[in-house]
Amino acid sequence: MIKKIAIGVIILFLAGYAFITQIQKEGIELRVKSLAGHNLFLLVTTYQDIESKFHEETFNRESVSNIEDKLVEVKAYSIVADSIVGNEYLQTITSRFQDIFAHLEKSQKSMELSKDQTKELVEINRMMKEFIDIIYQTYYVNDEEGGSAELNIKDFSKVEAFQKKITEYYNQINQKL
């Protein structure tokens, strides 16, 4: 009889421990998902803010400098999001955008942009829009509430292809120097 009670107490204790552990695990997952979602939101909105700067009437050296500052913010958001999903794609792509804008700033001789630089900006703008779409397609899950950050991403093929594309673009414009 005492043995049965002891076994029952042990089973209750283990069941309670398992239940509490599961609740803690779910809480941690929710916090991590929230952190990922928040950083992805900031990353996307900052990229959208940068992308909107392409539509300003005057685009000059100061505009390029402001974008470079925004990309520093994006890099921080990228680091957090990448660490949660376990890769460095967002950081690498953001670094490449930073390289492209640094190149643009270095090649700018006057306050106004040349025709070639304007063409580059059109292409950079197009790539930035494409990247924002890829982030939504890869890092978000659509659900009845409108979408949430995905922590268990299985297919990074679009991100990998974009990373290759932006690296090739940078190499192409860098050879013009």
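Modeller: A salt bridge here is a side-chain nitrogen of Lys or Arg within 4 Å of a carboxyl oxygen of Asp or Glu. Keep in mind that this is a predicted model.

Colleague: Happy to. What makes Glu 123 and Arg 126 a salt bridge?

Modeller: Their side chains come to 2.6 Å, N to O, and the cut-off is within 4 Å, so the pair qualifies. Both residues sit in helix 4, three residues apart, about one turn of the helix.

Colleague: Why is Arg 126 called partly exposed?

Modeller: Its relative accessible area is 36%. Buried means under 20% and exposed over 50%, so Arg 126 falls in between.

Colleague: Which residue of helix 4 is four residues from Arg 126?

Modeller: That is Glu 130, about one helical turn away. Glu 130 and Arg 126 also form a salt bridge, with their closest N and O atoms 3.3 Å apart. Shared partners join Glu 123, Arg 126, Glu 130 and Lys 165 into one salt-bridge network.

Colleague: How do you know that Lys 129 and Glu 51 meet in a salt bridge?

Modeller: The N to O distance is 3.7 Å, which is within 4 Å, so this pair counts too. Lys 129 lies in helix 4 (residues 115-139) and Glu 51 in helix 1 (residues 2-53), so the bridge ties together parts 78 residues apart in sequence.

Colleague: Is Glu 51 buried or exposed?

Modeller: Buried: its relative accessibility is 11%, and the limit for that word is under 20%. Lys 129, at 40%, counts as partly exposed.

Colleague: And how many salt bridges does the rule give?

Modeller: Six.

Note on methods. Residues numbered from 1 in each chain as written. Predicted model: local features only at pLDDT ≥ 70, side-chain atom pairs only at ≥ 80, totals over all residues. Heavy atoms only, no water. Helix = DSSP H or I, 4+ residues; strand = E, 2+ residues; numbered from the N terminus. Buried < 20%, exposed > 50% of the residue type's maximum accessible area, 1.4 Å probe, protein only.
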